Amino acid sequence: MTLTCEELLQKHPQAWKEATVHSFLEQCKLGTIKEEQFNTWLVQDYLFVVEFTRMVARVLTAAPVRDFDVILGGLSALKDELNWFREKAAERNLDFLDAHRQETCMEYCTYLYSLNGMPYALQATALWAIEYAYNQGWQLPGEMPAPYQEFAQRWGNPGFTEYVKLLAKQADMALEMSSENIQHQAEQVFLNVARLEKDFWQMAFNAG
Ligand code: MP5
């Protein structure tokens, strides 16, 4: 039987919940998140997205041509997103140039790099899980107060949800053509992403 993204979610509800429901997001929703916590997340997430952009570029090199449209669309959105992060940092007088990746961010970036050269099905599964984690994480709490609604919208908007569904389809198709061994490894990739996402929220939350 072929593993699908949906089955991964059904098999590991607890790991996925921890990746997408966190006090950091709950306190954004309540408007009680501390500036230091939010700014820590903003700076570290920018540094993460820089490395994530490189990862998506590598995924493209492993992808079949039929998947190019979606991945190239993702890369184009990342161009805008990186500029948007710089704007948000400037509004808050944060300086990315001085910033260092915290250990948790570094671990996640190292993991992104480790996907390099893995079978496409595993890279496609990781790409879907990483994007879906933010889509769900920012969407589930519902409308947030300013200034957090802008962030919730970025990843929670219906267009982003559609993009994530296309990523799931592509991962499912790649998994369907993979051996049982690769499918088993995809489960591990999913669990790794879930843990790294949970740790990333906690890293920002700890800054308070
Ligand atoms: C994403 C992100 C989503 N920005 N940060 C983490 C820790 N996980 C996932 O990626 P993108 O490129 O912002 O959609």
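Which polar side-chain atom lies 2.6 Å from a nitrogen atom of the ligand? In this predicted model, where local features need pLDDT of at least 70, side-chain atom pairs count only at pLDDT 80 or more, and totals for chains, interfaces and linings use all residues, that atom belongs to Asp 45. Residues are numbered from 1 along each chain as its sequence is written, and side-chain values use heavy atoms, with hydrogens and water left out.

A polar side-chain atom of Glu 197 likewise lies 2.7 Å from a ligand nitrogen, while a side-chain N or O atom of Trp 155 is 2.9 Å from a ligand oxygen; a polar contact is a pair of N or O atoms within 3.5 Å. Of the 350 Å² that the ligand exposes when taken alone, the protein buries 99%, with areas from the Shrake-Rupley method and a 1.4 Å probe. The ligand is surrounded by 14 residues, of which Asp 45, Glu 81, Glu 131, Trp 155 and Glu 197 are the closest (a heavy atom within 4 Å).

Beyond its neighbours within four places in sequence, Phe 24 is in contact (heavy atoms within 4.5 Å) with residues including Ile 33, Phe 38, Trp 41, Trp 138 and Trp 201.

Terms used: Polar contact = N/O pair within 3.5 Å; in protein donor to acceptor, adjacent residues only side chain to side chain.
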